Amino acid sequence: MKKALFLLNFLITAVISFTNAQQIISPSSFLGYELGTQFTNHHKVVDYFSYISANSSNVILEKYGITNENRPLFISYISSEENIKNLEQIRQDNLKRTGILKGNTATKVGIVWLSYNVHGNEASSTEAAMETLYKLITENKDWLQNTVVIMDPCLNPDGRDRYVNWFQQVRNIPYTANPDALEHNEPWPGGRPNHYLFDLNRDWAWATQIETQQRIKIYNKWMPHIHVDFHEQFINNPYYFAPAAEPFHETITDWQREFQTEIGKNHARHFDKNGWRYFTKEAFDLLYPSYGDTYPTFMGAIGMTYEQAGHGKAGLGIITENNSELTLKDRIEHHTTTGLSTVEVATKNTSKMIEEFQKYFDNPKLEVKNYVLKGDASKITSLTRLLDKHEITYYTTKESSAKVYDYNSKSNKTIQLTKIDLVIPTNQPKGKMVKVLFEPETKITDSLTYDITAWSLPYAYGLQGFSTKNVLPVATTNLENQKNTFVENAYAYIHKWNVVTDAAFLSELLKNTINVRFSNADFSIEGTKYLKGSLVILKNDNEHLANFNDLIKNVSTNLNEKIVAVNSGFVSTGFDFGSSNYSLIKPKNIALLTGEKVSPYSFGEIWHFFETQLKYPVTVLNTSNMGRVNLNKYNVLILPEGFNADDKELKTITEYTKNGGTIIAIGTALDNFSNKKDFLLKTKKDSLSDNKKPNLIPFKQQERNYLNKIITGSIFKSTIDNTHPLAFGYDTFYYSLKLSGTSYKLFNEGINVGYFPENATNVSGFAGKEALKSVSNSLLFGVENKGKGQLIYMVDNPLFRSFWENGKLFFANAVFLN
């Protein structure tokens, strides 16, 4: 008997020992340091998530992409063992509720998606992701019975590692909480943006960055019921969580508003218990569609932003305004608390949450039934690529007439539809997102917003926009460009010039040492009319290339660009190809300023444009080296927003221009030349600046009064002189996204290539009434000749966030055709 008991005890002890050996260990135990005592490099975060996935039947890890700097992008699925085994069925059932898939549903499981560290130097959230994962599968397994948690521990690994690596290099040991210390003051450009210095939290809808493009593919495979974006803000701010601030976009449902409040109340209960400060309903609104809270909201989820005090300033610990220390441990605890609280609320409200989610996708009652786009086929194709990324349905229609609202004239009319017009219906699963992206003017209930207030895609892509309350007949979705039929040994090849992909085609030709000319006047040949700016590639210009025909064929085929072969240089109208009206485009040696004196975002937009769209070489020059560089080696010098030259630098770039260089100045970089005696550029004064009366406006109203003087990303119609090469490829008008209230006088001697006419007003978005007065008769794009060179002024940034597609050809013209 004793022997039997001994054996039983031995077996029990062995089983316990084996079980303990298999227990999931905490992040601190796995990493070898207490969480919050140092920042964790991205690869170690991936290691911990991989370890959990390998040792827990509650977790699956999936790689969904890779960054520009070759860091992996991962998500984890966290749920009960049964749900994990049934994950694909849960996913399909959820898509059936949206109408994306058809059929009956067999499961009823809530889906909560938690996204961390979209801003790289808001680094506490990735640390909190590890702690949240651990607590979900060790302390809160009951919540996983009816909930799948999808966790992305780091949306921006490149930015995070930029911050973490820097911090590890400069930190004191032990760390110092003194805000003056080096470890609390990041160098340019900071860890916030990604590799190309884009703000990924403003890229969800535009999907210009590879991180976003890969993420929305998998996001749209799941369409979660809740999405949370974890952030950090200034060190003296209390924690922020939902409900959000006004304005809310009108497509947001009452349920989405109410459930945000329910979640916020649950967070408040936990924070109250711990005596932590927090605020809600302030600052962070739900209007601009490209955030990590709004994009999911317009896709039917409860989209929320959570903001913890900290970001790149806080380090491992910092003294705040009340003389207390905010530590990384504090920040991790707060984010972990709200993450777990979100899952807690979801698991208690699964049925209602799923029911209301399904209702969101019932769109037959939307007033506008279709948005119709007319215009250049290449521009339409460019727009369909964006729609494809978001899996939004579009089609063409039969030739017929339709009653529509015309964006340009702002009136109702009847138009003729053609087989090449693009139609985007609202009666589809993502119909509310369609409304948000295509409506001509967004309804704004409060002008005090966090971001731009206009983004309508017909304006952004340079297309005629119409909306109709009538259902249109479907024809086809085949909108492919016509395939190129190549003819060898032609006298010349002609290529149109009216979209940015044409500039990418030119770039490839120049890189292959092919000589290209552009027309300075309209012409017609062999029954076809070509507009100013059209590219003409003469066989006679390229006798240095033995394989000329093969090169032309390969470039046009690889880029799917249509070129037209002609057998003579004798034109029907206009100038023959031997005329001086066809200017040779010489390869450009381009310099782009970077460094602490420029906006990292503006620099990143230009850098990204050259590397990913034009694919044309650009030399990046640090402003600190300007005095040691011979600028005369470069044909073009680009000044991003934020560049502010000192007297010596201004003299240098002025001499550069006089010697024949071209300067392209964007946005606030125009300040280097405005109101200076040697330059034509002059600002317009607003009427309030001349008001000598005492300021008797109550303090609480002054913020609202300030709105009268600003423009927060609004669309204005401008007049364009398309006889100038800077405007080749454009019509006589252009819709510009105006980003500030600063306006400049029209030139008396320079060239006003683009300007806002008398009584110009915003066609979409908010603009203060005093700022509007200055827009009238003000400059948009101007050229000032200086010695042998020129200055090209771009008041509005045509590369802003890389989503205003129709503006990009202005920039390409400035580089190649001037």
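**Notebook: sheet, helices, salt bridges, backbone**

I started at one residue pair: isoleucine 494 stands opposite valine 564 in strand 23. The model I am reading is predicted. Next I looked up the strands that carry this pair. Strand 18 covers residues 492-495 and pairs with strand 23 in the antiparallel sense, over three bridges.

**Entry 1**

Which order do the five strands take in the open sheet? I read 23-18-22-19-24, with antiparallel pairing. I then checked the edges. Strand 23 (564-566) and strand 24 (582-585) each have a single partner strand, so one side of each has no neighbour in the sheet.

**Entry 2: helix 16**

I moved from the sheet to the helix lying across it. Helix 16 lies across strand 18, strand 19 (516-519), strand 22 (535-538) and strand 24. Its angle to strand 22 is about 25°.

Helix 16 also meets helix 18. How do the axes of helix 16 and helix 18 (residues 600-614) cross? They come within 10 Å and cross at roughly 75°. I listed the contact residues. Helix 16 supplies Val500, Ala503, Ala504 and Ser507. Helix 18 supplies Phe609, Gln613 and Leu614. By class I find five nonpolar and two polar residues in this contact, and no charged ones.

Lysine 511 and glutamate 508 meet through their side chains, at 3.3 Å from N to O. Both lie in helix 16 (residues 500-511), three residues apart, about one turn of the helix. Lysine 511 is partly exposed at 39% relative accessibility. Glutamate 508 is partly exposed too, at 25%.

One network joins Glu122, Arg192, Asp199, Arg202, Asp451 and Arg801.

**Entry 3: other salt bridges**

How many salt bridges does the structure hold? I find 35. I picked two more to look at.

The side chains of glutamate 355 and lysine 359 form one, at 3.7 Å from N to O. They sit in helix 12 (residues 350-360), four residues apart, about one turn of the helix. Glutamate 355 is partly exposed at 40% relative accessibility. Lysine 359 is partly exposed at 47%.

The other joins lysine 435 and glutamate 250, with the closest N and O atoms 3.3 Å apart. Why does this pair tie together parts 185 residues apart in sequence? Lysine 435 is in helix 14 (residues 431-438), and glutamate 250 is in the loop between strand 7 (245-248) and helix 9 (254-274), so the bridge spans that separation. Lysine 435 counts as buried at 18% relative accessibility, because the cut-off is under 20%. Glutamate 250 is partly exposed, at 45%.

**Entry 4: strand 3**

Is strand 3 (residues 110-116) largely enclosed or open? Seven of its seven residues are buried, so the rest of the structure largely encloses it. I sorted the directions. Gly110, Val112, Leu114 and Tyr116 point one way. Ile111, Trp113 and Ser115 point the other way. The general rule: in a regular strand the side chains alternate between the two faces of the sheet. I also looked up a pairing. Strand 3 pairs with strand 4 (residues 147-152) in the parallel sense, over six bridges. Serine 115 stands opposite aspartate 152 in strand 4.

**Entry 5: backbone checks**

For reference, most residues other than glycine have a negative phi, and most peptide bonds are trans. I went through the exceptions.

- Isoleucine 173 and proline 174 are joined by a cis peptide bond, omega about -5°. Proline 174 is in the loop between helix 7 (157-170) and helix 8 (210-222).
- The bond from alanine 242 to proline 243 is cis, omega near 10°. Proline 243 is in the loop between strand 6 (239-240) and strand 7.
- Arginine 801 has a positive phi, near 55°. It lies in the loop between strand 34 (789-794) and helix 22 (808-816). Arginine 801 is buried, at 15% relative accessible area.
- Serine 802 has a positive phi, near 60°. Serine 802 is also in the loop between strand 34 and helix 22, and is buried at 6%.

Conventions
Residues numbered from 1 in each chain as written. Predicted model: local features only at pLDDT ≥ 70, side-chain atom pairs only at ≥ 80, totals over all residues. Heavy atoms only, no water. Salt bridge = Lys/Arg side-chain N within 4 Å of Asp/Glu carboxyl O. Helix = DSSP H or I, 4+ residues; strand = E, 2+ residues; numbered from the N terminus. Buried < 20%, exposed > 50% of the residue type's maximum accessible area, 1.4 Å probe, protein only. Pairing = 2+ DSSP bridges. Contact = heavy atoms within 4.5 Å. Axes fitted to C-alpha atoms, helices over the stretch in contact; angles between N-to-C directions. Nonpolar A, V, L, I, M, F, W, Y, C, P; charged D, E, K, R; others polar.
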